[in-house]
Amino acid sequence: MFDLVIRNGIITTHESTFSADIAITGEKIVEISSPGCDYSAKRVYDAEGKFILPGLIDPHVHMAHPFQGELSADGFESTSTSAAFGGVTTILDFAIQWDKSKLLTEVIEERIKAITGKCNVDFGLHAVPTKSTEESIIAVNSAKKYGVNTFKVYMVYRQQGRMVDDAILSGLLDEIRKVGGRLLVHAENVSMAEFNQEKFISKGLTSSDYFPLYKPNIVEAEAVNRVLFLNRMAKSKLYIVHLSTKEGLESLKYAQDFGDNAIAETCTQYLTLNKEVYTRPDGHHFICSPPLRSNEDIEALWGGIAKGYISIVSSDHCGFDIRQKNLGNGDFTKTPNGIPGIEARLPVLYTEGVLKNRIDLNQLVALTSTNPAKVFNLFPQKGSIMPGSDADLVILDTENEIVLDPSKLHDATDWSPYSGMKLKGFSKATILRGQFLIDNGVYVGGKGYGKYLNRN
Ligand code: URP
Ligand code: ZN
């Protein structure tokens, strides 16, 4: 007697698509058999011929992210509920060393405590050192005992105290080669960004129209190129977050063709939204770093995915609501950076990617589940549908077309960058470790069911 059997579905992994029944006991998939098998179970779910995907992993999520003394409206519970509606069963959030008097390990410990019991999907953490001292390098080894082996650094945001300098960047890459892990980098050239910002402020040109001009493609591309070179010299492991430019992609291709261990994610927004939005009256809502780009960049990124240079698509979800987005009265230098998108990632990628023949459904699984599981040390527990894996599953509804209405989403913001888009590919059911979180479009999961994932 199994706990749950899912019949009549089409299992869709990163490499194959086949009809099968799935038997689950407790938190695990225990058997996969040909359709029509005579399993008996406490609950039998009829998937009605729909595609069954491994639970999505979003490796780049900011919950309750600070800005000017407050936190983004979207906290642990609301972001993770929204994640579940988006078919996401695992998220990776950030333990950022905002308070430099604390050791990175203390920051990690506090973040795990803060999230545990409030998160409805499984979660892990990337640690973010912010000090340009040896302490940041030493922390790489110490973080291991908390199950953290990925570190993110900012090459920008010097005035906010988040940046580490190139010596530390290089030292972190060296240390990671020695003790394992991977360095995630937010690559933007700080001097160019600061210079441009001062120039626009002095001329009073601070409306959102000027935001993409303040950080044009070269701001990202130069920093990507620089950190790829540092990684080559260190022979380490690099991950470029939110790659947005065709020039950055060119440097990445060069590094990968050379044989460097350098991989990249892009985000849903850089594949689907154009910088023209910054000229709209609500243009400042779309402020995120790096900025949204041109159609040429968008097509180059899809090309980078098709050729396998870009291996992951995350959301970089950071849910500020409209009041928070308006805090700077439209001035891009005073507007919180970041946009929501964890719930829309699956239908937007399905509609813009699969239905437009830019990727197939197996590639969608690879980009949003299997590759993140492999890169972030979660495979095959996560990112796969096979006996022994966690029973994390998404039943995909490919029929209903829905015009995205932000009021129907489940994060704590009151807008969406994808508002008004006609989308297919929402989750009909999301299952985490054998428990239904979403059933027929309704949240049925318990509160705080998500558990912390040790990724060593
Ligand atoms: O603009 C972005 N990407 N915001 C996310 C949060 C941050 O500051 O890293
Ligand atoms: Zn981010």
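Modeller: In ligand 1, a nitrogen atom lies 3.3 Å from a backbone N or O atom of N337. A polar contact is a pair of N or O atoms within 3.5 Å; within protein, one must be able to donate a hydrogen and the other to accept it, and residues adjacent in sequence count only if both atoms are side-chain atoms. The protein covers 98% of the 280 Å² of accessible area that ligand 1 has on its own (Shrake-Rupley method, 1.4 Å probe). The model is predicted: local features need pLDDT of at least 70 and side-chain atom pairs 80 or more, while totals for chains, interfaces and linings use all residues. Residues are numbered from 1 along each chain as its sequence is written, chains are lettered from A and ligands numbered from 1 in the order written, and side-chain values use heavy atoms, without hydrogens and water.

Colleague: Which polar backbone atom is 2.7 Å from an oxygen atom of ligand 1?

Modeller: That atom belongs to S289. A side-chain N or O atom of H65 is 3.2 Å from an oxygen atom of ligand 1.

Colleague: Which residues are around ligand 1?

Modeller: A residue is near a molecule if one of its heavy atoms lies within 4 Å of it. Here they are H62, H65, Y154, R162, C288, S289, D316, C318, N337 and G338. By class, this shell has three nonpolar, five polar and two charged residues; Ala, Val, Leu, Ile, Met, Phe, Trp, Tyr, Cys and Pro count as nonpolar, Asp, Glu, Lys and Arg as charged, and the others, Gly among them, as polar.

Colleague: Which residues coordinate the zinc ion (ligand 2)?

Modeller: Donors are N, O and S atoms within 2.8 Å of the metal (3.2 Å for Na, K and Ca); water is not among the atoms, so sites may look incomplete. The donors here are H60 (NE2), H62 (NE2) and D316 (OD), at 2.0 to 2.2 Å. Their spacing in sequence is H-x1-H-x253-D. H60, in the loop between strand 6 (56-58) and strand 7 (61-62), and D316, in the loop between strand 16 (312-314) and strand 17 (317-318), are 256 residues apart and link distant parts of the chain. Helices (H or I, at least four residues) and strands (E, at least two) are DSSP runs, numbered from the N terminus.

Colleague: Which residues does a cis peptide bond join?

Modeller: One such bond joins S289 and P290, with omega about -5°. P290 is in the loop between helix 9 (268-272) and helix 10 (295-306). The bond from F379 to P380 is also cis, omega being near 5°.
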